[in-house]
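Ready for some practice with charged and aromatic side chains? Grab the structure below and work through the exercises one at a time.

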Amino acid sequence: MFTHLTHHPDLTQEQHRALPGISNTDLSRLRDAVFGHRRAPWAPALDFGSWFHSAVLEPEQFDAMRLDALTRAQLTARANAYALARAIRRQRYPRHVLYRGTAEQTYTATHQATGLAVKVRPDLLIDSPRGRRRTLIDFKTTSCRDRAQFLETIAQYDYDRQGAFYCDVLGAHRFVLIAVQKKAPFAIWTVELTAEQLATGRKKYQRLLREATKTSPGQPIPYVTLPYPSVTARQCLANPASAPC
């Protein structure tokens with residue numbers, strides 16, 4: 001399904017975004033354009049997500065951030081993100097996969113059916129000792145009140161599409177979500193996507209890639225604009241030593 005898989009080690013988030021290729025975020029934008037959705041992402045939520053992932057996956061970089069340019073609200077959000085990261089690290093399974101996995105590495109490939117370039121950046125990639133089994137881990141924060149409600153969001157938020165897309169690009173056998181509640185009691189749920197969920201997600205991303213081929217050569221995919229985290233947050237995470245934060 002995908003060919004020419006290439007590893008791009010040690011790229012920052014900014015460098016990853018600058019690479020050519022369709023990402024899972026691009027697929028969400030294209031979905032919104034195809035179905036006429038008009039979403040208005042909330043910038044503070046994007047900042048929070050960036051800080052959370054940094055605190056979980058790159059704690060040294062998170063600790064090195066300069067804070068003097070952050071607003072009081074940003075400082076509070078950053079502290080909350082750190083608290084959730086600590087809650088995750090206290091749990092045995094998340095702590096185990098964080099120790100074993102390779103975090104935030106960029107890969108590019110070519111979708112064989114359409115010829116489109118794609119790119120993925122899993123939170124964690126874990127190969128078994130003999131290299132026979134590959135597992136991908138993705139961390140999520142959630143406002144769901146319980147595990148049952150979170151399971152319902154897998155299709156709603158296209159986590160199934162993300163899982164299938166990442167697994168097919170990287171030849172992975174498992175896609176595991178580790179979700180933590182944003183509010184007390186800060187429960188943590190580990191959910192492995194089923195074969196049925198991955199099959200549904202595969203249909204979703206394949207349809208969107210076919211839609212992407214309908215754009216004129218040299219023209220961008222007509223997706224709804226989705227801002228990245230604020231400039232301050234991005235600079236703090238991309239280059240903590242020189243960023244104005």
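Before we start: a residue is called buried under 20% relative accessible area, exposed over 50%, and partly exposed in between. Keep in mind that this is a predicted model.

**Exercise 1.** Work out whether Lys214 is buried or exposed.

*Solution.* Take the relative accessibility of Lys214, which is 63%. The cut-off for exposed is over 50%, so Lys214 counts as exposed. Its side chain also meets that of Glu211 in a salt bridge, at 3.2 Å from N to O.

**Exercise 2.** Describe the salt bridge between Arg134 and Asp127, then classify each partner.

*Solution.* Start with the distance: the closest N and O atoms are 2.7 Å apart. Next, Arg134 has 19% relative accessibility, so it counts as buried. Asp127, at 35%, is partly exposed.

**Exercise 3.** Find which residues are joined with Arg31 and Asp32 into one salt-bridge network.

*Solution.* Begin with the pair itself: Asp32 and Arg31 form a salt bridge, with the closest N and O atoms 3.1 Å apart. Both are buried. Shared partners then bring Asp158, Asp160, Arg161 and Lys204 into the network. Over the whole structure, a search finds 14 salt bridges.

**Exercise 4.** Decide how the rings of Phe2 and Tyr205 are arranged, and say which parts they tie together.

*Solution.* There are 9 aromatic pairs. In this one, the ring centres are 6.0 Å apart and the planes sit at 40 degrees, so the pair is tilted. Phe2 lies in strand E1 and Tyr205 in helix H9, so the pair ties together parts 203 residues apart in sequence. Phe2 is buried at 14%, and Tyr205 is buried at 0%.

How values were computed
Residues are numbered from 1 along each chain as its sequence is written. This is a predicted model: local features need pLDDT of at least 70, side-chain atom pairs count only at pLDDT 80 or more; totals for chains, interfaces and linings use all residues. Side-chain values use heavy atoms; hydrogens and water are left out. A salt bridge is a side-chain nitrogen of Lys or Arg within 4 Å of a carboxyl oxygen of Asp or Glu. Buried means under 20% relative accessible area, exposed over 50%, partly exposed in between (1.4 Å probe, protein chains only). Rings of Phe, Tyr and Trp (its six-membered ring) pair if their centres lie within 6.5 Å; planes under 30 degrees apart count as stacked, over 60 as edge-to-face and the rest as tilted. Helices (H or I, at least four residues) and strands (E, at least two) are DSSP runs, numbered from the N terminus.
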